[in-house]
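Welcome, and please keep the structure open beside you as you read. This short tour stops at a couple of backbone details, some helix packing and the spaces inside the fold.

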Amino acid sequence: MNAAILEQKEAYREVNAITGSAGSVIFGTQSFSELPVAELVQDFGLNISVCNRSVEEATLDDAFDLLDECVYDLHPHKVFLNFGETDMTRSDFDQERFIAEYEQLILKTHEGGKRSVYIIPVLSTKPEAEKLNLALRALAERTGSCYVDVADIYQFEKPRVRLFSELTHYMREGRMSFSEAMQAYGF
């Protein structure tokens, strides 16, 4: 684990001491680390607790060492995982090994509490991403996780806002109210 990741881990540990718990946790790498979650929660008028515990350069291997600070300490009911962008760029990337380790991460995410796990595809335009995302979809089915198909998010204007908008459907507790629906769909 590099120094930047260790520094982020320590920062999350410090913040978690006052955060308490979260309804949803966003835990991933590059694309997730760029999401201004606090502003988006406010802009979308959500009355739920969402914590972004993403680390830009983290690999799937790093995720195991970050579980305490990024998931367990927050006791979330829902965890949104987005790993693979950094891993895919490594010269020694092995998709079969990656999927086997991702399955272990999902199992470890469930430890210590009943949590729903949502797998977000690798958000990349690289050709390798499409094959990896098919494997992630199959992994979600095999593990009883939910695959949130937003792989094409960068084809849209304002992709980060669109990504968060798609995720809010899964973050909500219960049904969307009429006023929330009106706001979500721009009326």
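## Two loop residues with positive phi

K158 sits in the loop between β5 (146–147) and α8 (159–171). In this predicted model, the phi of K158 is positive, at about 55 degrees, although the residue is not a glycine. Why is that worth a look? Most residues other than glycine have a negative phi.

A second case is H75, in the loop between α4 and β3 (78–82). Here phi is near 50 degrees, again a positive value in a residue other than glycine.

## How α1 meets α4

Helix α1 covers residues 3–19, and its axis comes within 9 Å of that of α4, with the two crossing at roughly 20 degrees. With an angle under 35 degrees, α1 therefore counts as roughly parallel to α4. The crossing of α1 past α4 is right-handed.

Which residues make the contact? From α1 come I5, K9, Y12, R13 and N16, and these meet D62, D65, L66, E69 and C70 of α4. Sorted by class, this contact between α1 and α4 holds 5 charged residues, 4 nonpolar ones and 1 polar one.

## How α4 meets α6

Helix α4 also packs on α6, at an angle of about 15 degrees and with the axes 10 Å apart. That angle makes α4 roughly parallel to α6. In this pair, α4 passes α6 in a left-handed crossing.

On the α4 side, the contact is made by L60, D61, A63, F64 and L67. On the α6 side, the partners are R97, F98, E101, Y102, Q104, L105, K108 and T109. By class, the contact of α4 with α6 counts 7 nonpolar, 4 charged and 2 polar residues.

## How α6 meets α7

Next comes the packing of α6 on α7, where the axes lie 10 Å apart and the angle is about 35 degrees. The crossing of α6 past α7 is right-handed.

For α6, the residues in this contact are Q95, F98, I99, Y102, E103 and I106. For α7, they are K131, L132, A135, L136, L139, R142 and T143. The contact of α6 with α7 comprises 8 nonpolar, 3 charged and 2 polar residues.

## The cavity

How many cavities of 30 Å³ or more are there? The count comes to 1. The largest cavity has a volume of about 70 Å³. Its lining consists of L60, D61, D87, R90, D92, F93, D94, R97, F98 and E101.

The largest share, 3 residues, comes from α6. What is the make-up of this lining by class?

## The largest pocket

The last stop is a pocket. About 260 Å³ of space lies in the largest pocket. Its lining comprises 15 residues, and those nearest the centre of the pocket are S124, N133, A151, D152 and Q155.

Which helix supplies the largest share of that lining? The answer is α7 (residues 127–143), with 5 residues. By class, the lining of the largest pocket divides into 6 nonpolar, 5 charged and 4 polar residues.

Notes: Residues are numbered from 1 along each chain as its sequence is written. This is a predicted model: local features need pLDDT of at least 70, side-chain atom pairs count only at pLDDT 80 or more; totals for chains, interfaces and linings use all residues. Side-chain values use heavy atoms; hydrogens and water are left out. On a 1 Å grid over the protein atoms alone, a cavity is a set of points where a 1.4 Å probe fits but cannot get out, and a pocket is an open set with protein on both sides within 12 Å along at least five of seven lines; lining residues have an atom within 4 Å of a point. Grid points are joined across faces, edges and corners, and a volume is the space filled by probe spheres set on the points. Helices (H or I, at least four residues) and strands (E, at least two) are DSSP runs, numbered from the N terminus. Axes are lines fitted to C-alpha atoms, for helices over the stretch in contact, and angles run from 0 to 180 degrees between N-to-C directions. Angles under 35 degrees count as roughly parallel, over 145 as roughly antiparallel, 65 to 115 as roughly perpendicular and the rest as oblique. A crossing is left-handed if the near helix is turned anticlockwise from the far one by less than a right angle, and right-handed if clockwise. Contact means heavy atoms within 4.5 Å. Ala, Val, Leu, Ile, Met, Phe, Trp, Tyr, Cys and Pro count as nonpolar, Asp, Glu, Lys and Arg as charged, and the others, Gly among them, as polar.
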